[in-house]
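Hi,

Here is the structure I said I would pass on.

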Amino acid sequence: MSQATNNLAAYIWSLADLLRGDFKQSQYGRIILPFTLLRRLECVLADSKAAVLKQVEIVELMNLPEEGQEKLLLRATGGLSFYNTSPMDLSKLGESNIKANLEKYIQSFSRDAREIFDHFKFAEFIGLLNDANLLYKIVQKVRLTDLSPAAVSNHDMGLVFEELIRKFAESSNETAGEHFTPRDIVHLTTALVFGEDDDALTKEGLIRTIYDPTAGTGGFLSSGMEYVYEHNPNARMVAYGQELNPESYAICKADMLIKGQEVANIKLGNTLSNDHLYAERFDYMLSNPPFGVDWKKIEDVIKDENTQKGFNGRFGPGLPRVSDGSLLFLLHLLNKMRDTSEGGSRIGIILNGSPLFTGGAGSGESEIRRYILEADLLEAIVALPTDMFYNTGIATYVWVLSNKKTTERTGKVQLINGVNLCGKMRKSLGSKRNEMSEADIREITRCFGDFAMVDARELDKPAEQKSNRGRQSANPKAEVAKTFAAKIFANHEFGYRRLTIERPLRLSYQFSDERIATLRYETGALNAAMKWVYAEYGAAHWQDSADCQDYGQLGDYEAEIRAYVKSHFSDLKEKHIKDLLDAHTWRGQRDLLLKARALQAIIGSAQFNDFNQYDDQLKAALKTAKLALDSKEKKQLENAVSWKNPAAEKVIKKVHKSPAKPLYGLFAVGNEVIEYVADGDLRDNENVALDPSSSVNDINEAYFIKEVQPHVPDAWIAADKTDDKDGQIGIVGYEIPFNRHFYQYQPPRDLIDIDADLDAISAEIMALLQEVHS
């Protein structure tokens, strides 16, 4: 922002001095913004005002409906898309009846302009200002502000509005970044998206559409149009947008109105849940969606579209986690692309780091990245400096996408590391402390336009100023050089196949007294509570005998037990408490305990390290003891007497007649082919890079033999874990580890230097301690 526009914004915001005391800070913007818009509209209309008033006299005699009147009156505006039929302006409203005159003046605007003030709820604030005897004073100050196009260009007016919104958001503790994007970022993104379209920048009379689903105050739309008109004044740009915030929507609509755009193309509402432009497709799309904002409120609508429409809707590739909806906006934009037969489309969207890598293979985020890369839609990703936005200092990236890649870009993605291409602002604006100069923007756009690979090149940028607070190291760590770099990758290089690696389960078992004793209590939620109840009320009174009628009877202690359970086992629900107090629960566990003791008498209490004998031994013991166990009892008994033991034998799952495949879990043992039970606790995953030059199985097996088998010889690849789309072993995932590709290793400081610093600090501490004791 130039000093002139900054000064103008500060002057306009000084209206707050009049409001202080009568209005809350959070209300300042809701008064200042619409008054500024009103004055801007009035100044834009000044030259055509006389012609419109003359036309009004003619039109009124025709007795036409409003729509017909508008068409005739617009002819008198000299190309504008709005008008005002009142002979008044802000300087003629008077003082005695100013409220009624101002309301009548606003109602005299054409329909689209009137609607802008409705979204600000301006009539309500006019009444409040009048009640506070401030309306006349505000109007007098506003009318003296020169906001004519000759004094303030559309571009500069956009900057003024953005600064006013920032001040408004600051004063009301709102988030300024939700309303607009800093102009340096807008300029960069616009240049990246439009720079590749020679036709739009050169051909006569070309018509192009531009769209922003998170339009804010219209910064992206304005910048896109300005960029094209700078290079091709004879082109025609048609703007479309949708915005959720009413005030931002009103400013965007006013800006488009002043620029002569069809304001019916600017919609109000949530783009994701209610797409007002669902049938439209666009040439260019620019967006800065909110970072890390959840979509829980519209979860049902989004999921319904995903499941019911699939790829015929917007969200066919997949859904990201509910906590971050950034990728939903990207999918929305992809759905708005024109078919290549109609010229195709280009997209520029600003995202934080999360969409690059969040979510493993098979997740919604990974599937979205997979769709984008396998469809060859991603041209480039540019890493921006931190502290570039008004409401956050996090790392951000510009994604450039297109379905009309040039031949040299086909099947490839360019990553550009521009994190150091910035300078410190003289004065911070919220979280925005850095800004990109024209030279910085040219550096990135030139690299992108040339589709160039750039080895890390040191930049002529000042070093970061370090804090001089606290004790300074005598041997500080060397500064990391500020560099600029770019790399080019094939699409498949961001992909991998996640293999599930299994290892055999090894179990020992023993019918020892300690292990059998645990059968007195249920497993799960009741276990701890049952142990306490038994220790307090059962151990001294109950006999471990089927003849003991008192076993499990807790009626006399119910009140005490309930009180203790509610204070010490608060996670137990009423259903659990009823089961805890029910004698049937206790007697069922007692019966299982007695059966286990009977089996112990037959099997013995020795430890067995081959669990493959367990079933046969248990069946024989049950037959001898003339006992039976249901499935639930069998499971609890098995869990009680067995445990995992690395020294035990592998547990056999099945004997196969098919040939051995040791890499996939079918092992030749003697004359048999054995499949072992997998140990879930030892299960692991390995990510194997995609390589289109070889078959999937060859790549997987080569990786397994080299990277896994030498370390865990008894492991195998789970052949049942296959990808839903290609049916091959291993689930395909995609991630873009941007920072890893541009990481610059910095060796640690020498140990001698670290020791010297520690010695110096120790000596300083000792000296301070001596002062305390002296």
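**Notes on the model**

Not counting residues up to four places away in sequence, S110 touches E70, S81, F82 and Y83, where contact means heavy atoms within 4.5 Å. Before I go on: this is a predicted model, where local features need pLDDT of at least 70 and side-chain atom pairs count only at pLDDT 80 or more, while totals for chains, interfaces and linings use all residues. Residues are numbered from 1 along each chain as its sequence is written, and side-chain values use heavy atoms, with hydrogens and water left out.

Back to S110, which sits in the loop between α6 and α7 (111-119); helices (H or I, at least four residues) and strands (E, at least two) are DSSP runs, numbered from the N terminus. With a relative accessible area of 3%, S110 is buried (under 20% relative accessible area; exposed is over 50%, partly exposed in between, with a 1.4 Å probe and protein chains only). H276 is 166 residues from S110 along the chain, and their C-alpha atoms are 23 Å apart.

N417 is another buried one, at 9% relative accessibility. It belongs to strand β8 (residues 412-417). Leaving aside neighbours within four places in sequence, N417 is in contact with A383, T483, F484, A485, F738 and F742.

Now two helix pairs. For these, axes are lines fitted to C-alpha atoms over the stretch in contact, and angles run from 0 to 180 degrees between N-to-C directions. Helix α3 (residues 28-45) and helix α14 (residues 246-258) cross at roughly 10 degrees, their axes coming within 11 Å. So α3 and α14 are roughly parallel to each other (angles under 35 degrees; over 145 is roughly antiparallel, 65 to 115 roughly perpendicular and the rest oblique). On the α3 side the contact is made by R30, L33, L37, R40, L41 and V44, and on the α14 side by E247, A250, I251, A254 and I258.

Helix α6 (residues 98-107) packs against helix α9 (residues 135-143) at an angle of about 50 degrees, with the axes 10 Å apart. That makes α6 oblique to α9. I98, K99 and L102 of α6 meet L135, Y136 and V139 of α9 in this contact.

And the cysteines? How many disulfides are there? The count comes to zero, taking a disulfide as a pair of cysteine sulfur atoms within 2.5 Å. C43 counts as buried at 10% relative accessibility, and C252 counts as buried at 0%.

Cheers
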